[in-house]
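Please consult the sequence and the structure shown here alongside the text.

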Amino acid sequence: MAMATAFLILLLATPAVYAVDYTVGDTSGWTSGFDYTTWVSGKTFKVGDALIFNYGGTHEVDEVNKSDYDNCVSSNAIDSHDDGNTRINLTTVGTKYFICPTAGHCAGGMKLAVTVAASSGTTPNTPATGSPPTAGTPSNTTTPSSGVPSPPSSSSAASTTLCNMMLVIASLVGVAFTG
């Protein structure tokens, strides 16, 4: 019994790491006529998170460098996707740039720049490069597409949750040893 209790305490004392799936453009998806600069503002992307691009047959997703992003050039794409439901795992720290290579779409605003920060407990794989996307009006409609609740909004909330869990465990351990 004591071994199981000790294991439970160790398990609960380990900080939780939350990965979030962001559906690009929320319910609008990856499409023409959407303001992706505004969509990005107010969001914090971290290593381990993912971008989910949902789009129709006239669109694609190309990951490009900053210069190609700025000039809407897709001929040097780092990676290209055309499956209509693309998942991009954010694995390195820095700014990632995405455009739709369909003629006129990028120039019309179908481009996305996200700055990826290290998640807690990770070491950055690459130095941060480029500048963060221009801030706009924060969007309050993003929820993780996986249906998993969002992580606590501050470290104090996480600390409070961890402390509450530890109090519950301590009371259970006390019952186990006295009962």
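His-105 lies in the loop that runs between E7 and E8. The model is a predicted one. With a relative accessible area of 17%, below the 20% cut-off, His-105 counts as buried. Apart from residues up to four places away in sequence, His-105 touches Ser-32, Thr-58, His-59, Cys-100 and Met-110.

**Sheet**

- An open sheet of mixed pairing is formed by five strands, in the order E2-E8-E7-E4-E5.
- The edges are taken by strand E2 (45-46) and strand E5 (79-81); each has a single partner strand, so one side of each has no neighbour in the sheet.
- Strand E8 (residues 111-117) pairs with E7 in the antiparallel sense, over six bridges.
- Thr-95 has Thr-115 in E8 as its bridge partner.

**Tyr-97**

- Strand E7 spans residues 94-99 and contains Tyr-97.
- Tyr-97 is buried, because its relative accessibility is 6%.
- Between Tyr-97 and Asp-70, which are 27 residues apart along the chain, the C-alpha separation is 9.3 Å.

**Nonpolar cores**

- The largest nonpolar core comprises 22 residues, and Trp-30, Leu-51, Phe-53 and Leu-112 have the most contacts inside it.
- Helix H2 (36-40), strand E3 (50-54) and E8 each give two or more residues to this core.
- A second, separate core has six residues, among them Tyr-69, Tyr-97, Ile-99 and Cys-106.
- Beyond its neighbours within four places in sequence, Leu-112 has contacts that include Trp-30, Leu-51 and Phe-53, as well as Tyr-69 and Tyr-97.

**Aromatic pairs**

- Seven aromatic pairs are present in the structure.
- The ring centres of Phe-34 and Tyr-36 are 4.8 Å apart and their planes stand at 50 degrees, so this pair is tilted.
- Phe-34 is partly exposed, at 23% relative accessibility, whereas Tyr-36 is buried, at 1% relative accessible area.
- Phe-53 and Phe-98 form another tilted pair, with 5.4 Å from centre to centre and 55 degrees between the planes.
- This pair links distant parts of the chain, since Phe-53 belongs to strand E3 and Phe-98 to strand E7, 45 residues apart.
- Both Phe-53 and Phe-98 are buried.
- Trp-30, Phe-34, Tyr-36, Phe-53 and Phe-98 are joined into a cluster by ring pairs.

**Charges over rings**

- Lys-43 places its charged end over the ring of Trp-39, at 4.6 Å from the ring centre.
- Lys-111 lies over the face of Tyr-69, 4.4 Å from the centre of that ring.

Terms used: Residues numbered from 1 in each chain as written. Predicted model: local features only at pLDDT ≥ 70, side-chain atom pairs only at ≥ 80, totals over all residues. Heavy atoms only, no water. Helix = DSSP H or I, 4+ residues; strand = E, 2+ residues; numbered from the N terminus. Buried < 20%, exposed > 50% of the residue type's maximum accessible area, 1.4 Å probe, protein only. Pairing = 2+ DSSP bridges. Contact = heavy atoms within 4.5 Å. Core = buried A, V, L, I, M, F, W, Y, C linked by side-chain atoms within 4.5 Å. Phe/Tyr/Trp six-rings, centres within 6.5 Å; stacked < 30°, edge-to-face > 60°. Lys NZ or Arg CZ within 6 Å of the ring centre and 35° of its normal.
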